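Dear colleague,

Please find below the structure that I am handing over to you, with its sequence. My findings follow directly after it.

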Amino acid sequence: MLDLDGDYAMRESSLSVRKIVIAGVLSAITILLGWTRLGFITVPSIVADATIMHVPVIVGGVVEGPVVGTIVGLIFGVFSFIQGTIPAFKDVLVAILPRLFIGITAWLVYIALKRVNRYAAVVVASVVGSLTNTVGVLGMGVVRGY
Amino acid sequence: MESIQFQRYITIGQYVAGRSLIHRLDPRTKLSAFLFLTLAITFSRSYTANAILLLVTLGLVLAARVSIRYLLSGLRPALPFILLLAIMQLLFYGNAYVPYRMEPVTLWRVGWIHVTNGSIQAVIVSTSRFVELLFLTSLLTNTTRLTDLTHGIEAMLRPYRRLGLPAHELSLVATIALRFLPLLAEQAENILKAQASRGAPIAQRGRLQFVATARQLAVLLVPLFVDAFRRAEDLILAMQARCYAGGRGRTCYVQLQFDRTDALVYGLTLVFSAAMLVLRNWFPI
């Protein structure tokens with residue numbers, strides 16, 4: 001396939017065509033998972049479900065770096081704020097703020113471990129990204145008193 | 001099979017056509033007003049403040065002529081959870097909440113059950129905050145077209161471009177996401193139907209079968225991601241082949257109009273929200 005890496009036309013901008021498009025498509029997956037409720041795994045708990053909506057954020061962080069990770073995280077947060085039907089998620093500090101860091105932590109772990117073993121780096125980055133989401137959201141929930 | 005017809009349910013934005021004053025406002029005005037009021041609601045913690053905010057949001061809904069029943073219909077599936085959370089907050093967390101501007105009083109105490117005026121206030125305030133925000137977010141998406149919203153966001157972020165914030169690119173990300181949503185929904189539907197036609201179990205997800213559900217999701221997610229990345233590569237190639245060069249020097253076909261009504265609404269919500277924020281510790285109860 002023709003490879004046009006380098007993005008010659010976009011040198012003055014911080015975001016290349018590649019980053020814009022990947023961020024957009026991953027955001028679309030996040031919204032799709034939330035909207036169709038495919039992204040929720042019902043667990044034996046009445047107040048909440050497990051979610052996999054943060055997976056595209058981690059993929060974005062690992063594949064395209066922290067900027068894409070943060071953008072997809074922002075869209076994830078905004079979407080869960082708009083769609084949220086549990087009072088805690090109708091709070092900007094709970095729904096949006098922790099989600100911005102998922103992509104960043106996943107990316108940091110990935111580049112730190114990449115030299116050791118690429119596959120292990122991806123696995124650990126995913127775990128750390130998921131933990132960032134869980135700990136961040138629940139922690140902000142406790143701080144904000146829900 | 002009903003449960004895997006996703007395309008039908010992708011009604012994001014749910015724009016409800018209308019000609020009310022709120023429909024006709026500039027998207028930038030609506031977005032700013034939405035931000036101001038959201039801040040005021042997030043930091044309100046007294047009965048009085050929430051009563052005022054509830055009246056204001058109700059007034060806005062009436063002004064937009066969006067039916068309240070329609071707004072509340074989104075709430076129905078979540079109602080049991082909300083009630084359960086409220087009851088738990090009310091009964092078991094009596095010590096956790098310090099009431100606003102009142103002496104903490106224990107109203108009822110039997111065994112673990114511990115009701116204080118603090119927990120009553122927490123329940124009422126968080127529920128009303130939730131209803132206010134629900135009305136406000138639905139109002140924004142119900143009265144504004146998605147294209148208007150993305151144009152509005154782009155226009156509002158433009159001043160921060162000097163600080164290195166890529167306004168045009170961010171709004172392009174949002175536009176691509178919304179454009180890809182129906183495509184990916186169709187793809188997910190196709191994958192699930194293909195798997196079902198080969199005998200894979202679908203639907204019927206019990207609460208106790210979460211491991212099976214997670215496994216099923218992996219089988220859906222991996223092809224979905226692969227397909228999404230393939231489509232993304234196509235789009236990247238197409239954009240590069242057309243020498244897409246970002247937002248610099250780009251002009252708009254539709255020009256946003258900020259007129260006197262917009263200025264009035266903007267000013268009113270700004271002053272109102274600022275007052276609610278500054279005076280949030282001054283309300284009597």
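Predicted model: local features only at pLDDT ≥ 70, side-chain atom pairs only at ≥ 80, totals over all residues.

B:Thr38 lies in helix 2 of chain B; helices here are DSSP runs of H or I with at least four residues, strands are runs of E with at least two, and both are numbered from the N terminus. With a relative accessible area of 4%, B:Thr38 is buried, a word that stands for under 20% relative accessible area, while exposed stands for over 50% and partly exposed for what is in between (1.4 Å probe, protein chains only). Leaving aside its neighbours within four places in sequence, B:Thr38 is in contact with A:Phe81, A:Val92, B:Leu133 and B:Leu136, where contact means heavy atoms within 4.5 Å.

Residues are numbered from 1 along each chain as its sequence is written, chains are lettered from A and ligands numbered from 1 in the order in which they are written, and side-chain values use heavy atoms, with hydrogens and water left out.

The two chains

Chain A has six helices and two strands, arranged along the sequence as α-β-β-α-α-α-α-α. Of its 146 residues, 51% are buried. Among the contacts in chain A with a separation of 6 or more, 52% are between residues 24 or more positions apart. The accessible surface of chain A is about 6300 Å², and carbon and sulfur atoms hold 70% of that surface; such areas come from the Shrake-Rupley method with a 1.4 Å probe, and for residues only the protein chains shown count as cover.

Chain B contains 10 helices and two strands, in the order α-α-α-α-α-β-β-α-α-α-α-α from the N terminus on. Buried residues make up 40% of its 285 residues. For chain B, 76% of the contacts with a separation of 6 or more involve residues 24 or more positions apart. Its accessible surface comes to about 16300 Å², with 65% belonging to carbon and sulfur atoms.

Helix 10 of chain B

Helix 10 of chain B spans residues 260-278, 19 residues in total, and reaches 27 Å from its first C-alpha to its last, close to the 27 Å expected at 1.5 Å a residue; the expected span is 1.5 Å times one less than the number of residues. Which residues of this helix are buried? They are B:Asp262, B:Val265, B:Thr269, B:Ser273 and B:Met276. These residues are on the same side of helix 10 of chain B because they cover an arc of only 80 degrees around the axis, the arc being that of the directions from the helix axis to the C-beta atoms. An α-helix has 3.6 residues a turn, so residues three or four places apart point the same way.

The cover over the buried residues of helix 10 includes helix 2 (27-42) and helix 3 (47-64) of chain B. On the other side of helix 10, B:Arg260, B:Leu264, B:Leu268, B:Val271 and B:Val278 are exposed. At the start of this helix, a side-chain oxygen of B:Asp259 comes to within 3.3 Å of the backbone nitrogen of B:Thr261.

The aromatic pairs

Over all chains, a search of the whole structure finds two aromatic pairs. One of them joins B:Phe36 and B:Tyr266, edge-to-face, at 5.6 Å centre to centre and with 75 degrees between the planes. Since B:Phe36 lies in helix 2 of chain B and B:Tyr266 in helix 10 of chain B, this pair ties together parts that are 230 residues apart in sequence. The rings of B:Phe258 and B:Tyr266 have their centres 6.4 Å apart and their planes at 75 degrees, so this pair is edge-to-face. For such pairs, the rings of Phe, Tyr and Trp (its six-membered ring) must have centres within 6.5 Å; planes under 30 degrees apart count as stacked, over 60 as edge-to-face and the rest as tilted. B:Phe36, B:Phe258 and B:Tyr266 form one aromatic cluster. B:Phe36 counts as buried at 18% relative accessibility, whereas B:Tyr266 is partly exposed at 32% and B:Phe258 is partly exposed at 43%.

Yours sincerely

Notes:
Polar contact = N/O pair within 3.5 Å; in protein donor to acceptor, adjacent residues only side chain to side chain.
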